[in-house]
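Colleague: Please take a close look at one part of this model for me. I would like the pairing first, then what surrounds it.

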Amino acid sequence: MFKNHISKLLVVPFLALFISCTQKNTDTQSTKALMGETITAEKQAALTPQTILASLKEGNERYVNNDLTARDLQAQVKATATGQYPEAVILSCIDSRVPVEHVFDKGVGDVFVARVAGNTVNPDILGSIEYGAAVAGSKVIVVMGHEACGAVKASIDEADLSDNADVLLDRVNPAIEAVQGYDDRTSANGAFVDDVVKTNVDMTIDEMLVESPVLKGLLDKGEIMIVGAYYDLDTGKVTFVEN
Ligand SMILES: [Zn+2]
């Protein structure tokens, strides 16, 4: 009885010590596992449009699998404070369910993100993308629409919010007119809406190339790639359309 007591007395502190050591080791390991690397000028120069697109696809796969990279964001903040060398420019809708950096598992300094409801282009957006590609060296431009886009629906419904919103929603009209073959051409028809979303992405890329000789020139020289993408709200999966 007495002996048992002693051994229990010894075992308990020993166990506690063992557990605290193990916890400490796990903590250290998880700290070490945080990714603090960022894209440097040298790394950016070594990237090709193909490797960048592959990295975006892999990042989205991690997002879909709930396996995002654990980042040391403060290390990345410090590492990028004096310069940025992003690999891609992503034009997205403002929809809160499309968290762009997460969607591609990217960190600080990795991608430029231009956002406007309906992911269309205007001079401000084009100038921003031109800066990303021609000045900051990004080699992939992604135009990403998403399932059940509210801006596309509002444009289909000819919603009347304000003069500002009219200008914005009018940019989606060419895509609505281009999509044919639907009896129900209202926002209640999900198939029609998604067809317009995808057509809007294609037509936005076409317009980008007409309105921006800078981007057209980079594309013709093979220095950049421009791809369309569609984000599925149910799964988080991005489907790329490579032209
Ligand atoms: Zn949207």
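Modeller: Two strands pair if DSSP finds at least two bridges between them. Strands are DSSP runs of E with at least two residues, and helices are runs of H or I with at least four; both are numbered from the N terminus. This is a predicted model, where local features need pLDDT of at least 70, side-chain atom pairs count only at pLDDT 80 or more, and totals for chains, interfaces and linings use all residues. Residues are numbered from 1 along each chain as its sequence is written.

The protein has 11 helices and five strands. The part to look at is the sheet. It is open, has five strands in the order β2-β1-β3-β4-β5, and mixes its pairing. β2 and β5 (238-242) are the edge strands. Each has a single partner strand, so one side of each has no neighbour in the sheet. From one strand to the next, the twist averages 25 degrees. Angles here run from 0 to 180 degrees between N-to-C directions, and axes are lines fitted to C-alpha atoms, for helices over the stretch in contact.

β1 (residues 88-92) pairs with β2 in the parallel sense, over five bridges. Here Ser 92 stands opposite Arg 115 of β2.

Now move to β3 and β4. They are parallel too, with seven bridges. Met 144 faces Ala 229 of β4 across this pair.

Ala 229 stands opposite Phe 240 in β5. Tyr 230 has Thr 239 of β5 as its bridge partner. The hairpin of β4 and β5 has six residues between the strands, and Gly 236 there takes a positive phi near 85 degrees.

Most residues other than glycine have a negative phi. Asn 119 sits in the loop between β2 (111-115) and α6 (123-135). Its phi is positive, about 40 degrees, although it is not a glycine. Is Asn 119 buried or exposed? Asn 119 is buried, because 31 other C-beta atoms lie within 10 Å. The cut-offs are 20 or more such atoms within 10 Å for buried, 12 or fewer for exposed, and partly exposed in between, with C-beta atoms placed from the backbone.

Ala 148 is in the loop between β3 (140-146) and α7 (150-156). Its phi is positive too, near 55 degrees. Ala 148 is partly exposed, with 16 other C-beta atoms within 10 Å.

Next, what lies against the sheet. Helix α3 (residues 49-64) lies across β1, β3, β4 (225-231) and β5, and runs at about 35 degrees to β3. Contact means that two C-beta atoms, placed from the backbone, lie within 7 Å.

Leu 215, Leu 218 and Leu 219 of α11 are buried. Seen down the axis, the buried residues fall within an arc of 100 degrees, so they line one face of the helix. That arc is taken from the directions from the helix axis to the C-beta atoms. The buried residues of α11 pack against α6, α10 (190-211) and β4. On the face turned away, Pro 213 and Asp 220 are exposed. Just after α11, Gly 222 has a positive phi of about 75 degrees.

Last, the core. A nonpolar core is a set of buried Ala, Val, Leu, Ile, Met, Phe, Trp, Tyr and Cys residues joined through C-beta atoms within 7 Å. The largest has 47 residues, and Val 89, Ile 90, Ile 141 and Val 142 have the most contacts inside it. Helix α10 gives the most to this core, with eight residues. Which residues does Ile 141 touch, leaving aside neighbours within four places in sequence? Ile 141 is in contact with Val 89, Ile 129, Ala 133, Ile 224 and Ile 226.

Across the protein, 32% of the 243 residues count as buried. Of the contacts with a separation of 6 or more, 75% join residues 24 or more positions apart.
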